[in-house]
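Let's take a friendly walk through a protein fold. Have the picture open as you read, and look for each piece when it comes up.

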Amino acid sequence: MPNMSFNFAGRSAIVTGAARGIGLAIARHFRAAGATVFMVDFDERALDEAASEVGAVAIPADVTRSADADAVVSTAVAHSGRVDILVNNAGILRDRVLWKLTDDDWDQVLAVHAGGTFRLTRACVPHFRQQHFGRIINVTSYTGLHGNRGQANYATAKAGIIGFTKTAAKELAHFGVTVNAISPNAATRMTASIPADRVAEVTGPIPRFGDPAEMTAAVSFLASEEAGYVTGVVLPVDGGLSI
């Protein structure tokens, strides 16, 4: 795991899609750095186990529902008195070539990725504006810029998150809020089903998928006070995949 270089004592962080993979690694990282962490996921059983291990507060929620997004933020504020950091990581896959995609395949992927990012951000903004401080880190993907066969829905959602990140960065800069994104390349449950020949094609010139813990240093920097002059950035954390 990367060395801790930022202290988040006194800060509170919401991490969505936190029951496993990159989200879990990020939540673990923030908790180890002193933050009060609120872990959000749709899978309540996995979330409870993960939050217990991390020492965080579990908030089961469906990020496609505005009421759930509002409740997540209200719970965090009621518990800690503030919310400082939001990591929008929740995501699902419904992979099919586009002529086999159903309306539900399309709608659900966009609702979780893009819709969840929007809803949680919107719910946090009044608190960020009042505090004149906030850090939003969205998780996008190489696929959002370059596409990938069988992932028209996922590529559209991740490209949308890039546009959302840059727009929100412009709208919120006056309030001391930064909005950035990472484009990770890590071995998670979402990559586990990729056949070996496709893994070689996807990774290209890089030797491997990253470990989820290798994504956390970039998130930690973007969430820090020291990164207050960095906003609207999409930071690849992909071992050179995007070169």
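Are α1 and α8 roughly parallel or oblique to each other? Keep in mind that this is a predicted model. The axes of helix α1 (residues 21-32) and helix α8 (residues 216-223) come within 9 Å and cross at roughly 55°. Angles from 65 to 115 degrees would count as roughly perpendicular and those under 35 degrees as roughly parallel, so α1 and α8 are oblique to each other.

**More on α1 and α8**
- If you like handedness, the crossing of these two helices, α1 and α8, is right-handed.
- On the α1 side, the contact is made by Ala 25, Ile 26, His 29 and Phe 30, and α8 brings Thr 216, Val 219, Ser 220 and Ala 223.
- Sort the residues of that α1-α8 contact by class and you get five nonpolar, three polar and no charged.

**α1 and its other partner, α2**
- α1 also meets helix α2 (residues 44-54): their axes come within 10 Å and cross at roughly 25°.
- That angle makes α1 roughly parallel to α2.
- Here too, α1 passes α2 in a right-handed crossing.
- The class count for α1 with α2 is four nonpolar, no polar and three charged residues.

**α3 against α4**
- Helix α3 (residues 66-80) and helix α4 (residues 103-131) pack at an angle of about 40°, and their axes are 8 Å apart.
- So α3 is oblique to α4.
- The crossing of α3 past α4 is right-handed.
- From α3, the contact takes in Ser 66, Ala 69, Asp 70, Val 72, Val 73 and Val 77, while α4 supplies Arg 119, Leu 120, Arg 122, Ala 123, Cys 124 and His 127.
- That α3-α4 contact holds seven nonpolar, two polar and three charged residues.

**The sheet**
- Strands of a sheet pair through backbone hydrogen bonds, either parallel or antiparallel.
- Zoom in on β5 (residues 134-139) and β6 (residues 177-184): they pair in the parallel sense over six bridges.

**Phe 175 in its loop**
- You'll find Phe 175 in the loop between α6 and β6.
- Phe 175 and Phe 128 are 47 residues apart in sequence, yet their C-alpha atoms are 7.5 Å apart in space.
- Setting aside neighbours within four places in sequence, Phe 175 is in contact with Phe 128, Arg 129, His 132 and Phe 133.

**What the record says**
- An unreviewed UniProt entry annotates residues 11-185 as "domain: Ketoreductase".
- Over residues 11-185, the chain is 53% helix and 19% strand, and the end C-alpha atoms sit 27 Å apart.

Key
Residues are numbered from 1 along each chain as its sequence is written. This is a predicted model: local features need pLDDT of at least 70, side-chain atom pairs count only at pLDDT 80 or more; totals for chains, interfaces and linings use all residues. Side-chain values use heavy atoms; hydrogens and water are left out. Axes are lines fitted to C-alpha atoms, for helices over the stretch in contact, and angles run from 0 to 180 degrees between N-to-C directions. Helices (H or I, at least four residues) and strands (E, at least two) are DSSP runs, numbered from the N terminus. Angles under 35 degrees count as roughly parallel, over 145 as roughly antiparallel, 65 to 115 as roughly perpendicular and the rest as oblique. A crossing is left-handed if the near helix is turned anticlockwise from the far one by less than a right angle, and right-handed if clockwise. Contact means heavy atoms within 4.5 Å. Ala, Val, Leu, Ile, Met, Phe, Trp, Tyr, Cys and Pro count as nonpolar, Asp, Glu, Lys and Arg as charged, and the others, Gly among them, as polar. Two strands pair if DSSP finds at least two bridges between them. UniProt positions are given in the numbering used here, feature names are shortened, and annotations may be inferred rather than shown by experiment.
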